[in-house]
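Have the viewer open and follow along.

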Amino acid sequence: NFLFDSFSDDYCTRVGAEFLRGVQMPFKTSDLTAFVSEDGLDMTSIADNMVRIMGANTKFAYRDAYIAYMAMFFDEKLIKVLINNGVSELRDGKYKRSCIYFRAALLLDSQDRDAMFGYACCCREWYLSLAGGDEQELVSLLKAESTEYLEWTSRIYEDYAAAYYYLGYNYANAGLYAKASFTWNEFLRLRELQGGEEESPEVEEIRERLESLEDPVKIEEGVNHLISGRYAEGLKVLETYVGSEYDGWWPLHYNLATAYRELGHLQEALEGYNRVIAINPSHIESCEALGELYSELGDPVMAEKYSKKAELLRKQQNLP
């Protein structure tokens, strides 16, 4: 949507911007009309064009020249203008444009709190709007960006409660329940220190969330035992949740089955992986495990069935 051309050498000398010689500047087609008009092209329009280019591609070839050019004609208030534009676009649900403004603001000041937090929230709202869609690669990228910038915000601005509020949700959605619990407790601590808003809706909401996390935190503890090779300890924790309200959660049965297999309880492992498939028929790892287990147990027909199913699922999901 942009045309590129360089300023004349005469202009670069006149404004004292020799560094702009040969630098390709972005113009919208609508700018051409303004350029030849009596009033000329407004400086703000040129700046907005540069912002959109470097916000969309933070490694754009002329990024540093654009930043230097804007520094000559605009003061520190420019960052606030970009942040406000990002907020406005976010409110209108224009996530890509919102991200562009926040990213441009971060190029001007990588540690501006509102730019960091705004960008994180924009990424979060964007991926939430894509829930249930086909753009899973974009969703994963946005989740990672949102979490990373919320983490940075909470590290640099340790008393900024809002960052902990949303970061806790990101951790919970990623299945990192212990991290979510710690982060939300920090949010409550900060809110109490900063105003004692014990009865605010956000505080009540997070207290309820923390109560609901008690069991997931214990389950995560059991999974961590398994990851560390402490299978007996992991089983002791996880087996208590079989038949509970978490019985329909396929990761519980997958982790149990894996532990049983490591401990040599092949029949229990077989039952566990079949339980996973019953809940989540497209779970590739369980299909592969079933193929291997049935082969070990001397059932070539079932072994071939699940091995072929795993292979088919990999092709459907474009996996190697």
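## Ground rules

A crossing is called left-handed if the near helix is turned anticlockwise from the far one by less than a right angle, and right-handed if clockwise. Helices here are DSSP runs (H or I, at least four residues), numbered from the N terminus.

This is a predicted model, so local features need pLDDT of at least 70 and side-chain atom pairs count only at pLDDT 80 or more, while totals for chains, interfaces and linings use all residues. Residues are numbered from 1 along each chain as its sequence is written, and side-chain values use heavy atoms, with hydrogens and water left out.

## Helix α17, inside and out

Start with α17, residues 300-316.

Which residues of α17 are buried? They are Ala303, Tyr306, Ala310 and Leu313, where buried means under 20% relative accessible area, exposed over 50% and partly exposed in between (1.4 Å probe, protein chains only). These four sit on the same side of α17, because they cover an arc of only 100° around the axis; the arc is that of the directions from the helix axis to the C-beta atoms. An α-helix has 3.6 residues a turn, so residues three or four places apart point the same way.

Turned away from that buried side is a face with the exposed residues Pro300, Val301, Lys308, Lys315 and Gln316. After α17 comes Asn318, with a positive phi near 55°.

## What α17 packs against

The buried residues of α17 pack against α15 (266-279) and α16 (284-296). For α16, the axes come within 7 Å of each other and cross at roughly 155° (axes are lines fitted to C-alpha atoms, for helices over the stretch in contact, with angles from 0 to 180 degrees between N-to-C directions). That makes α16 roughly antiparallel to α17, and their crossing is left-handed.

## Val223 in α12

Val223 belongs to helix α12 (residues 214-227) and is buried, at a relative accessible area of 16%. Leaving aside neighbours within four places in sequence, Val223 is in contact with Leu238 and Asn255. Val223 and Leu235 are 12 residues apart in sequence and 8.7 Å apart in space, C-alpha to C-alpha.

Technical notes. Helix = DSSP H or I, 4+ residues; strand = E, 2+ residues; numbered from the N terminus. Expected span 1.5 Å × (residues − 1). Contact = heavy atoms within 4.5 Å. Parallel < 35°, antiparallel > 145°, perpendicular 65-115°, else oblique.
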